[in-house]
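Good morning. Please have the sequence and the structure open while I talk.

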Amino acid sequence: MKNSVRVHAALFVVALIYAANYSISKDVMPRYMGPFGLVLLRIVGATLFFTVASRLAAPQDRITGRADQLRAVACGVLGIGLNQLLFFSGLNLTSPINASLIQTIAPVVTVLASAVLLGEKLTLRRVLGVAVAGLGAASIILSKGPVAAGGQDGLLGNVYILLNATAFGVYLVLVMPLMRKYHPFTVLARIFLVGACLAVPAGWEQVQAPDYASFPPGIWAAIAYMVICLTILAYLLNNWALKYASPALLGAYIYLQPALAVLIAVSLGKDHLTWDRAWQGLLIFIGVFLVSRKPRPAQLAAVPPLEPVQD
């Protein structure tokens, strides 16, 4: 019971951190720093933190075996490198509310990835849920968004966010066996190191371009938030929760992100909620609800439930 409360508390904090980031990141990008530069700072900072933490907390723990090594590389590429590069590239071009709504497609991807990688059976209800959620996401992606820096509209940004959610959904399925076998710091240190191999060459030019002396205190605070809270704390809480909860539960907490993101973005004047966005988000929520529901008890003997999972 105590662990259950802690898991839900951890996942709520993660949802709040991610929701606030949709608005906070827009203060930094693209005026002060490009998206890839922010990703480099986040990943390198987290790599150093988790490497030191793993040596202190679990000095003898090592990821061993070819299968686990390859899984860790895949997690680093999908869950750290591509996930963050795609997310910040997309958020740089689209609105906070659009990004948060499209992100909710991740639980659908989790179920599909579980079907492919773990042999989870897709029921008719889940197939219907995938279709409904996909319709909602497609309507947001194809809708005309606000014009971003450089004269581009939000279409490309929406596509990047969809790819980001896809990478994160697959990552959640892949990383679960590692989190349950090794210490969380050991896993995070390895996968962030792999992610850094993608982030450093991608963001090196952008991280050198800004005039750091001109940054006001609020921008430094936003960057610190993205490195400490969004990267280190959120990944730590998320992956700790995986030791006690299923990927489906982590995916379900993505429900909270749009609601919290809307409240934060609207209250700060960074975005506004329209009726179109409301019904598009509702379609995604309905689809994710259908996908995430476990089979009825009568089905459990024949079909084991999904118990294998974030910008």
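I will go from the whole chain to a few local details.

What you see is a predicted model. The numbering starts from 1 along the chain as the sequence is written.

Let me begin with the overall layout. How many helices and strands does the chain have? There are 13 helices and zero strands. Read along the sequence, then, the pattern is α repeated from one end to the other: α-α-α-α-α-α-α-α-α-α-α-α-α. The chain has 311 residues, and 53% of them are buried. Its accessible surface comes to about 13400 Å², with 70% of that belonging to carbon and sulfur atoms.

Asn21 sits in α1, and Asn21 counts as buried because its relative accessibility is 0%, where the cut-off for buried is under 20%. Its side chain has a polar partner: the side chain of Asn21 makes a polar contact with that of Ser25, at 2.5 Å.

Which residues form the nonpolar patch on the surface? They are Phe12, Val13, Leu16 and Leu233, and together they have about 290 Å² of accessible area. Helix α1 gives the most to this patch, with three residues. Take Val13 as an example: it is located in α1, and at 34% relative accessibility Val13 counts as partly exposed.

Most peptide bonds are trans. The bond that joins Met29 and Pro30 is cis, with omega at about -10°. Pro30 lies in the loop between α1 and α2.

Then helix α2, residues 35-57. It has 23 residues and reaches 32 Å from its first C-alpha to its last, close to the 33 Å expected at 1.5 Å a residue. A number of its residues are buried, among them Pro35, Gly37, Leu38, Val39, Leu40, Arg42, Ile43, Ala46 and Phe50.

Next, the aromatic rings. The count comes to ten aromatic pairs. One of them is Tyr22 with Phe87: the ring centres are 5.6 Å apart and the planes are at 65°, so the pair is edge-to-face.

Elsewhere, ring pairs link Tyr32, Tyr212, Phe215 and Trp220 into a cluster.

Now charges. Side chains of opposite charge can pair when their charged atoms come close. How many salt bridges does a search of the whole structure find? It finds one. The side chains that meet in it are those of Lys181 and Asp68, at 2.8 Å from N to O. The pair links distant parts of the chain, with Lys181 in helix α7, residues 155-181, and Asp68 in helix α3, 113 residues apart.

Lys181 counts as exposed, because 54% relative accessibility is over the 50% cut-off. Asp68 is buried, with a relative accessible area of 13%.

Pro258 is in helix α11, residues 256-267, and Pro258 is buried, with a relative accessible area of 2%. The C-alpha atoms of Pro258 and Leu101 are separated by 5.5 Å, although these residues are 157 residues apart along the chain.

To recap, this is a predicted model of a chain with 13 helices and zero strands. The cis bond to remember is the one between Met29 and Pro30. That is the end of my part.

Note on methods:
This is a predicted model: local features need pLDDT of at least 70, side-chain atom pairs count only at pLDDT 80 or more; totals for chains, interfaces and linings use all residues. Side-chain values use heavy atoms; hydrogens and water are left out. Rings of Phe, Tyr and Trp (its six-membered ring) pair if their centres lie within 6.5 Å; planes under 30 degrees apart count as stacked, over 60 as edge-to-face and the rest as tilted. Helices (H or I, at least four residues) and strands (E, at least two) are DSSP runs, numbered from the N terminus. Buried means under 20% relative accessible area, exposed over 50%, partly exposed in between (1.4 Å probe, protein chains only). A polar contact is a pair of N or O atoms within 3.5 Å; within protein, one must be able to donate a hydrogen and the other to accept it, and residues adjacent in sequence count only if both atoms are side-chain atoms. Patches are made of residues with over 30% relative accessible area and no salt bridge: like charges are joined within 9 Å, nonpolar side chains (Val, Leu, Ile, Met, Phe, Trp, Tyr) within 5 Å. Accessible areas come from the Shrake-Rupley method with a 1.4 Å probe; for residues, only the protein chains shown count as cover. A salt bridge is a side-chain nitrogen of Lys or Arg within 4 Å of a carboxyl oxygen of Asp or Glu. The expected span of a helix is 1.5 Å times one less than its number of residues.
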